[in-house]
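Hi,

Here is the structure I said I would pass on. Have a look at it first, and then read on for what turned up.

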Amino acid sequence: MNEDMIAKLKENVIQGRKTQDDEGIDEDLTGPGVVELTQQALDANIPVAVIIKEGLTAGMQVVGEKFSTKEYFIPDMLASAEAVGAAMDIAKPYLEVSGGSTNGKFAIATVKGDIHDIGKNIVAILLKGAGYEVHDLGIDVPTEKIVEFVRTEKPDYLGLSALLTTTMVVMGEVADALKQAGLREQVKVLIGGAAVSIEYAQEIGADAYCADGFEAIKQMEAFQTA
């Protein structure tokens with residue numbers, strides 16, 4: 001029975017059904033959505049780690065594969081990620097009680113001078129859906145604020161976004177400021193955005209360049225297994 005419930009949870013993630021009122025990719029799929037199924041699974045005492053790994057994360061892995069093969073598009077991907085994000089909000093208190101943890105703390109910001117946030121928001125939703133504790137610092141974020149967040153909140157990862165060639169240079173300033181504050185070694189820095197590239201990531205000493213949110217997830221998984 002528990003396996004059936006987890007299988008249903010995974011399928012509803014793939015279908016992007018946040019609640020029972022939502023239509024999925026398959027319009028014939030009805031019944032409880034991701035939110036209801038997550039609560040039912042918790043009420044049935046299924047370990048929260050199983051719910052996250054075999055239901056939520058496994059479902060998002062399928063979504064990522066469908067997105068990479070262009071079977072799914074951005075709205076499909078976001079529907080699934082938002083459903084998983086809502087499920088993670090429900091699961092978080094149970095994680096704390098069980099002594100479990102998220103996959104890590106991730107801070108994300110669009111750098112100073114840049115007000116574009118669509119890409120940043122997509123990445124934040126996907127990472128939350130992948131089980132990371134996401135702290136969105138917003139847009140046009142001063143370097144000093146980013147450095148102070150790293151100092152006080154100690155995120156495992158820092159994602160920097162910039163759309164413009166005129167603002168991507170601020171990413172380098174953030175990396176330098178982290179070095180000067182003696183904080184650079186305690187956080188992995190990932191950069192993304194239309195203006196940047198893997199070559200620019202190497203130039204400023206970032207740990208990774210990510211073309212999209214799924215690549216960011218893969219990169220962080222690689223960090224954890226290295």
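M60 touches V13, S80, A81, V84, L126, G129 and F214, leaving aside residues up to four places away in sequence. Bear in mind that this is a predicted model, so everything below is computed from that prediction.

M60 also comes up in the largest nonpolar core, which has 44 residues. Together with L56 and L126, M60 touches the most other members there. Which elements build this core? At least two residues each come from α1 (2-15), α2 (34-43), α3 (48-68), α4 (74-98), β1, α5 (118-129) and α9 (213-225). The top contributor is α4, with nine residues. As a rule, nonpolar side chains in soluble globular proteins tend to be buried together.

Now for how some of the helices sit against each other. Take α1 and α2 to start with: their axes come within 9 Å and cross at roughly 160 degrees. Angles over 145 degrees count as roughly antiparallel, so that is how α1 runs relative to α2. The crossing of this pair is left-handed. On the α1 side the contact involves M5, K8, L9, N12 and V13, and these meet V34, L37, T38, Q40 and A41 of α2.

α1 also meets α3. Here the axes come within 8 Å and cross at roughly 30 degrees, and the crossing is right-handed. From α1, the residues making the contact are I6, L9, K10, V13 and I14. From α3 they include V50, I51, E54, L56, M60 and K66.

Last, have a look at α7 (residues 169-180). This helix has twelve residues and reaches 17 Å from its first C-alpha to its last, close to the 16 Å expected at 1.5 Å a residue. Which of its residues are buried? They are V170, M171, G172, V174, A175, A177 and L178. What do those buried residues pack against? Their partners are β1 (105-111), α6 (143-153), β3 (157-161), β4 (188-192) and α8 (198-204). Just after α7 comes G182, with a positive phi of about 75 degrees.

Cheers

Conventions
Residues numbered from 1 in each chain as written. Predicted model: local features only at pLDDT ≥ 70, side-chain atom pairs only at ≥ 80, totals over all residues. Heavy atoms only, no water. Helix = DSSP H or I, 4+ residues; strand = E, 2+ residues; numbered from the N terminus. Expected span 1.5 Å × (residues − 1). Buried < 20%, exposed > 50% of the residue type's maximum accessible area, 1.4 Å probe, protein only. Contact = heavy atoms within 4.5 Å. Core = buried A, V, L, I, M, F, W, Y, C linked by side-chain atoms within 4.5 Å. Axes fitted to C-alpha atoms, helices over the stretch in contact; angles between N-to-C directions. Parallel < 35°, antiparallel > 145°, perpendicular 65-115°, else oblique. Left-handed = near helix turned anticlockwise from the far one by under 90°.
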